[in-house]
Amino acid sequence: MKKLQHIYVLFLLPLFLACSKFLDKAPLDSVNTENYWKTEEDAINAVNGAYQPLQWPKLYNMRIWTTDIWAGNSVVGAGGGTDGIETVDIANFVTTSDNAAALDIWRGPAPGILRANLVIENVPGMEIREDIKNRVVGEARFLRGLYYFILVQLFGDVPLITKAQTPEDDLRPARTPKEKVYELIIEDLETAVQLLPDRSQYAAADIGRASKGSAMGLLAKVFLTLKQYDKVVPLCEQINAMGYRLNEDYSDNFRIATENSVESLFEVQYIGKTSYGFWDNENQASWVSTFTGPRNSDFVAGGYGWNQPTEEFVNAYEAGDLRKDKTILYQGCPPFDSKQYLASYSTTGYNLRKFLVPKSESPDYDTNPLNFPVLRFADVLLMWAEALNELGRTGEAQAAATDIHNGGPLNRVRLRAGLPNVQGLNQQELREKIIHERRMELAFEGHRWFDLMRYGNNGDYALNFFHSIGKTNATTKHLLLPIPLKEIEANPNLKQNPGY
C-alpha cells in the first residue's frame, strides 16, 4: 500500500487520504458529508487516511527511530550545535515540558486516532460487502490500538477519545488512567484479530495493509509489556503457524527490493517522490537514509549524519555476529556501494548502515521509498522465547534450532546471525541473553527504549543500564516524557507527569 492522496471531508479538514494503488483519482477539494459513507470506495478511502500519520516525522519518519538515541544505542551526531537538541536533551535526561520531540509524539497519533474513530463509528452501518466492512473496521481497530500503544508507553495516562468529537463534546479531556487505555488497546487488537484477513488473502495492490498476523503480533507485544506472559505464548505459536519466516539474509528486512517480505508483519509504507515537499507532514519519502547517512561521505543522497552508534553498543556484538556488518559502518567494514567508510565521518567513529539506500537506487534526498519495519517475525520469535522463559519454561525457550526455520525461537534468530545455539542457561542467565538478543536484532528500529521501560520492576533495569553507561542523572521521572507545556496551557484539565 503505497501512494496516498488527499481528499477533504468535514469542514475541509484533511481527514482521508486515498491510496493510488486502490483508486486512480485526482484529489478532491471537498466531499458532501451527507453523501459520504455510502460506498466501498468511501470506506476504503477513509481507512487509508488512518494509516497516513504513521508516515509523518512525528512518528515513524523520525521520532520513533530516534528513541534508540534516548536508549543509549547511539548519539544524535548530525551537524552539532542545536541540531537535534530536543533529542539530545531527552537522551541526556535534561528534558523539560517545552521539548519539541515530546510535543511531536504527543500530537503525532491524534489525526490517526480521529480517522480510525470515524471509520469505527460509520463503516459498520454501511450497506457494503461484509468482507470489505470487516476488513476496513479491523484495519481501523489495529491502527487505533497502535496509536494508543505508542502514547501510553511514552506518557502513561493519556486522554482516551473513542469517537470523533463535535463542538458539543468536552474538548478539554483529562488524562485517562493507563489501565483503561490498555483495556481499549487490547479490545481493539482482539477485535482486529477476528476481523482482519490473513495477509495471504490480500491482493497484490493491498500488500502493506494490516492483517490478522499484524494484529496478533502487536497484541503479543502489548501482553508482553503488561507481563501477561501466558497470553503471549499462544499468540506467538499461532503466528508461527501462519507462514511467517525469517529472511535468509538479515539485510532483506531493510531493502527496497524486499519490502513486505515473508518476515514482515507490518511496515510503514513509503512511495518516494510525491507532490508534497520533503519537510511536509504529507511527504511520503522516507527520511531515514537521508538523515542517517554519513556526513561528507557521498554514500547516500542527503547524508545528515544522525543516529551514530556508540562504542558501548558496537562492543556489545558477540564475535562472529553477522548483523554487525549489516547494521553499522566502521573503519575497515565491508564497502558500502563500493565506497570505503572512514571513522572521521562520525563523532563516535560509527554510522548506521541498516537503512541506507545508495544513490543508484534513490539518487535524490527527497525520493527515498524505503519502508520502515514496525513488526518483524524475528521480534515475534524473541517475544515467544522471553514469555516462555518468564513462565519458567526455560528449556523450551532455549531449545536447539536445526536451521533458521525450525527449532527453538531464540536460537532460530541466533543461527541467522551466524551465532551458535545457546543451551543450559538458568532463567536469569537466559533472561539476560534474550535482552541482549533483542537489542542486537532490533537495533535502530525503535524498540530498545520501549524494551528498557518494561524490563525489571518500576524502571530499575532501565535506570541501572543508563547509570552503567554514564548517564547517572537518569531518575524515575525520566521513564515517562513530560506532558507538553503547550497542551497543558491549552487544556488545564491535563496534569503533568511527576517531577516535570
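**Figure 1. Strands S4 and S8 pair in the antiparallel sense in this predicted model.** Strand S4 covers residues 264–268, and four bridges join S4 to S8. Within this pairing, Phe 266 stands opposite Leu 375 of S8. Strand S8 runs through residues 372–376 and is mostly covered, with five of its five residues buried. In a regular strand, side chains alternate between the two faces of the sheet.

**Figure 2. The largest cavity has a volume of about 230 Å³.** The structure holds five cavities of 30 Å³ or more. Around the largest cavity there are 19 lining residues; Tyr 60, Lys 221, Gly 446, His 447 and Phe 450 lie nearest its centre. Two or more lining residues come from each of H6, helix H8 (212–225), S8 and H17. Sorted by class, the lining of the largest cavity has eleven nonpolar, four polar and four charged residues.

**Figure 3. The second largest pocket holds about 730 Å³ of space.** The lining of this pocket is made up of 27 residues. Those nearest the centre of the pocket are Lys 178, Met 453, Arg 454, Asn 458 and Leu 480.

Figure 4. By class, the lining of the second largest pocket has twelve nonpolar, nine polar and six charged residues. H6 and H17 are also among the elements that give two or more residues to the lining of the largest cavity.

Methods
Residues numbered from 1 in each chain as written. Predicted model: local features only at pLDDT ≥ 70, side-chain atom pairs only at ≥ 80, totals over all residues. Heavy atoms only, no water. 1 Å grid on protein atoms, 1.4 Å probe; cavity = no way out; pocket = protein on both sides within 12 Å on 5 of 7 lines; lining within 4 Å. Points joined across faces, edges and corners; volume = space filled by probe spheres on them. Nonpolar A, V, L, I, M, F, W, Y, C, P; charged D, E, K, R; others polar. Buried < 20%, exposed > 50% of the residue type's maximum accessible area, 1.4 Å probe, protein only. Pairing = 2+ DSSP bridges.
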